[in-house]
Amino acid sequence: MRIFVAGSTGVVGKLLLPKLIVEGHEVIGMTHKEENKAMIENLGAKAVIADAFDRASLFSAMEEARPDVVIHQLTSLSTRNFSDNSRIRIDGTRNIVDAAQSVGVKQLIAQSIAWAYESGEGAAAEDIPLDLNAAEPRQGTVAGVSALEKTVAEMPNHVILRYGMFYGQGTWYDLHGFMAEEVRQKRVKGTDAICSFLHVEDAANTVVLALNWPSGPINIVDDEPAAGKDWLPVYAQAVGAPLPELQSGSSAWERGALNGKARKEYGWKPSYPTWRTGFAQSLSTR
């Protein structure tokens, strides 16, 4: 198939492009930076310049590419620009879906998150509603996720990948990433808040599989939702940081997510089933 990847130079996109090409697909990688063209081409894809906020350039790129499938992996998280990230989810997704529909694309796969569920007991499955009544600043994140998912659902075939918190190469939790430095400086405390992780390699592998999945949202997280009191000391050890301080307390929405549907109904299996071993495996070789 001809596959158009928006977000082709992000932490997932860089791993995804070669995987799609190995499967025999013709891949067009979108970037809004001229200096990223060489990276995309070196990965074996065709590079196109377009900005998700510039409808004219995006429509033009989609018209030229005429893809069978669009993959939406756009974020603005490398610089921790959360307001711009929400704008991508709202305005960028609107433009991507409109551009895709303008050339007859029927299938779209999009990146979402697995920590936007409303408060409750235990880890959340896909039937739990999003936390639409959250207070700020969480409200901005959830509103962006909700807008993205509603817009993507306008496509005839739409898979919404609700990813866990990424770790691995190029992420905040990489050996030299933002969180590693925060933990080394003892600016992060281990609490009762539950988090579901996902290795970024599993995120990229899942997109390839999702080309054959049915429409709808699906949690893509590892097997072990965990409290900060449990995972943070393990992570600190993996990045060579001092043991963190531990304290009680969490917000009711910090509940983690379940991957039972992906495993049982879709046959999905993560290469890194748990952060407990995945942290050391992904950091010890760097």
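Biologist: Are Tyr173 and Phe197 buried or exposed?
Modeller: Both Tyr173 and Phe197 are buried in this predicted model.

Biologist: How is a pair of rings described?
Modeller: By the distance between the centres and the angle between the planes.

Biologist: And how many aromatic pairs are in the whole structure?
Modeller: The search finds 14. One of them is Tyr173 with Phe197, an edge-to-face pair at 5.5 Å centre to centre, with 85° between the planes.

Biologist: Which parts does that pair tie together?
Modeller: Tyr173 is in the loop between strand 7 (165-167) and helix 6 (178-184), and Phe197 is in strand 9 (residues 197-199), so the pair links parts 24 residues apart in sequence.

Biologist: Which residues form the aromatic cluster?
Modeller: Tyr167, Tyr173, Phe197, Trp231, Tyr235, Trp275 and Phe279 form one cluster.

Biologist: New topic. Which charged end sits over the ring of Trp253?
Modeller: That of Arg138, 3.9 Å from the ring centre. Arg87 lies over the face of Phe53, 3.6 Å from the ring centre.

Biologist: Now helix 1. Which of its residues are buried?
Modeller: Gly13, Leu15, Leu16, Leu17, Lys19 and Leu20 are buried in helix 1, which runs over residues 13-22.

Biologist: What covers them?
Modeller: The cover includes strand 1 (2-6), strand 2 (26-31), helix 2 (37-42), strand 4 (69-72) and helix 7 (200-210).

Biologist: Which residue takes a positive phi just after helix 1?
Modeller: Gly24, with a phi of about 95°.

Technical notes. Residues are numbered from 1 along each chain as its sequence is written. This is a predicted model: local features need pLDDT of at least 70, side-chain atom pairs count only at pLDDT 80 or more; totals for chains, interfaces and linings use all residues. Side-chain values use heavy atoms; hydrogens and water are left out. Rings of Phe, Tyr and Trp (its six-membered ring) pair if their centres lie within 6.5 Å; planes under 30 degrees apart count as stacked, over 60 as edge-to-face and the rest as tilted. Helices (H or I, at least four residues) and strands (E, at least two) are DSSP runs, numbered from the N terminus. Buried means under 20% relative accessible area, exposed over 50%, partly exposed in between (1.4 Å probe, protein chains only). A charge sits over a ring if NZ of Lys or CZ of Arg is within 6 Å of the ring centre and within 35 degrees of the ring normal. Contact means heavy atoms within 4.5 Å.
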